[in-house]
Amino acid sequence: MSDADHHKPFEGRRLLVVSTNYAPELTGIGPYAAQLAEHWAASGAETHVLTGMPHYPSWRTEADYRGVWRTVESRAGVAVHRRRHYVPPRQTALRRGAFEATVLAHGLVAPPGSRPDAVISQMPSLAGGVIGARLARRHRVPYIPVVQDLMGAAAAQSGIRGGDRAAAVAARAERYALLAAALVGVIHESFVPRVTAYGVDPSRIRLVPNWTHVPSPSADRAATRARLGWREGTPIVLHSGNMGLKQGLEVLVDAARLAPEVRIVLMGDGNQREALRTRAAGLPNLDFLPPAGADEFTDVLAAADVLAVTQRASVLDMSVPSKLTSYFVSGRPVVASVADEGGTAQEVRRSGAGVLVAPEDPGALLAAVRKLVDGPAEADTLGARGPEYVARHLSREAGLARFDALLTEVLADAQGRPHR
């Protein structure tokens with residue numbers, strides 16, 4: 001992006017990005033969709049985004065957008081077309097289906113008017129994948145879905161009520177979206193077998209990892225701890241991000257019950273927050289914090305002793321949490337309570353910035369935390385590897401360059417032959 005003023009590779013192109021999540025959402029897929037669209041706008045493209053109303057991770061429509069049916073706003077040179085949809089406060093397969101159905105219906109009924117040169121969609125949502133495929137077909141232009149999570153696998157693996165039926169429906173929608181693609185982007189290689197199982201030729205899959213979209217911590221660590229009321233000498237284990245079913249955050253509540261000397265902090269929001277509060281009733285060493293603002297987010301992460309990433313044991317190949325990129329930049333060691341064969345475990349191993357423990361096992365998680373607290377030199381060594389890994393593999397420039405290469409390849413192919 002730094003040389004965008006001098007070099008505008010997509011000058012004169014018109015691009016449509018379809019992503020149910022977008023800025024001002026600060027966590028999950030929204031920041032990536034926004035930074036990508038803004039980058040392409042700065043690269044000379046007339047960039048349009050078809051998105052929903054801001055609602056994540058709280059699963060409540062933000063106050064400024066309540067009652068809004070349709071709107072177009074300009075954000076950092078991008079035309080953002082928002083369409084109203086149902087937002088389920090609690091997750092069941094049926095409610096999630098209604099969410100996707102309303103996103104799909106409103107997006108197809110009222111898409112942005114102008115014909116794009118290419119359509120790029122973020123999956124999930126399922127609806128976004130199907131909308132992208134349909135609009136690309138309508139305009140006879142190439143389509144690029146980017147797989148951030150796989151909803152078919154998610155429904156089967158997350159423990160959501162009615163998940164098996166939902167998984168079958170989701171898998172059909174995913175297959176439709178992926179088979180319509182000129183090329184498919186995946187954020188992690190662990191998604192490749194499932195994408196190819198849908199019938200996508202492996203030669204049409206490109207790896208486009210997420211990058212670290214947050215700044216390095218800058219505040220004094222002791223000052224941040226004091227502001228948050230975290231006493232020196234009390235080990236702080238922090239989980240930041242979505243509180244959903246697939247995270248299996250019960251393991252942290254149960255860990256707090258087993259270890260009164262450790263303070264567990266759950267920072268964020270999500271549809272399981274109230275259920276977790278109920279489970280944690282009466283625990284003086286477990287805190288719930290609202291999501292931190294963008295200006296202090298990594299400072300809060302860096303003030304913890306250990307950063308936790310948790311997933312249900314059944315979560316294997318449907319999700320690599322975007323929080324990992326933020327965790328790594330903070331310079332603190334990660335304890336990952338996740339399935340050993342999943343993509344999250346692969347990423348923690350590759351970074352060298354954390355330790356893996358068995359999922360859904362509070363005793364194993366606590367043993368790892370205590371070892372890091374009792375060995376601060378090892379903890380600091382692990383933590384220091386995170387920013388090094390970010391610098392080598394997860395810089396914004398490198399991430400956006402991979403997307404530029406993906407888009408350039410698709411546009412060149414489209415020029416060379418009529419799109420089917």
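## The sheet

Let's start with the open sheet: 8 strands in the order E3-E4-E2-E1-E5-E6-E7-E8, with mixed pairing. Strands here are DSSP E runs of at least two residues and helices are H or I runs of at least four, numbered from the N terminus; two strands pair if DSSP finds at least two bridges between them. Strand E3 (70–75) and strand E8 (205–207) are the edge strands, each pairing on one side only. On average, neighbouring strands of this sheet are turned by 20 degrees against each other, direction ignored (axes are lines fitted to C-alpha atoms, and angles run from 0 to 180 degrees between N-to-C directions).

Zooming in on one pair, strand E1 (residues 14–18) runs parallel to strand E2 (residues 46–51), and they pair over 5 bridges. Arg 14 stands opposite Glu 46 in E2.

## What sort of model this is

This is a predicted model, where local features need pLDDT of at least 70, side-chain atom pairs count only at pLDDT 80 or more, and totals for chains, interfaces and linings use all residues. Residues are numbered from 1 along each chain as its sequence is written, and side-chain values use heavy atoms, with hydrogens and water left out.

## Asn 21 in its loop

Asn 21 sits in the loop between E1 and helix H1 (30–42). With a relative accessible area of 14%, Asn 21 is buried (under 20% is buried, over 50% exposed, in between partly exposed, using a 1.4 Å probe and protein chains only).

Leaving out residues up to four places away in sequence, Asn 21 touches Gly 30, Ala 33, Thr 51, His 55 and Tyr 56; contact means heavy atoms within 4.5 Å. The side chain of Asn 21 also makes a polar contact with the side chain of Glu 25, at 2.9 Å (N or O atoms within 3.5 Å; within protein, one able to donate a hydrogen and the other to accept it, and residues adjacent in sequence count only if both atoms are side-chain atoms).

## Arg 370 in H13

Arg 370 lies in helix H13 (residues 362–374). Arg 370 is partly exposed, with a relative accessible area of 34%.

Not counting residues up to four places away in sequence, Arg 370 touches Leu 258, Ala 259 and Glu 261. Arg 370 and Ala 259 are 111 residues apart in sequence, yet their C-alpha atoms are 9.9 Å apart in space.
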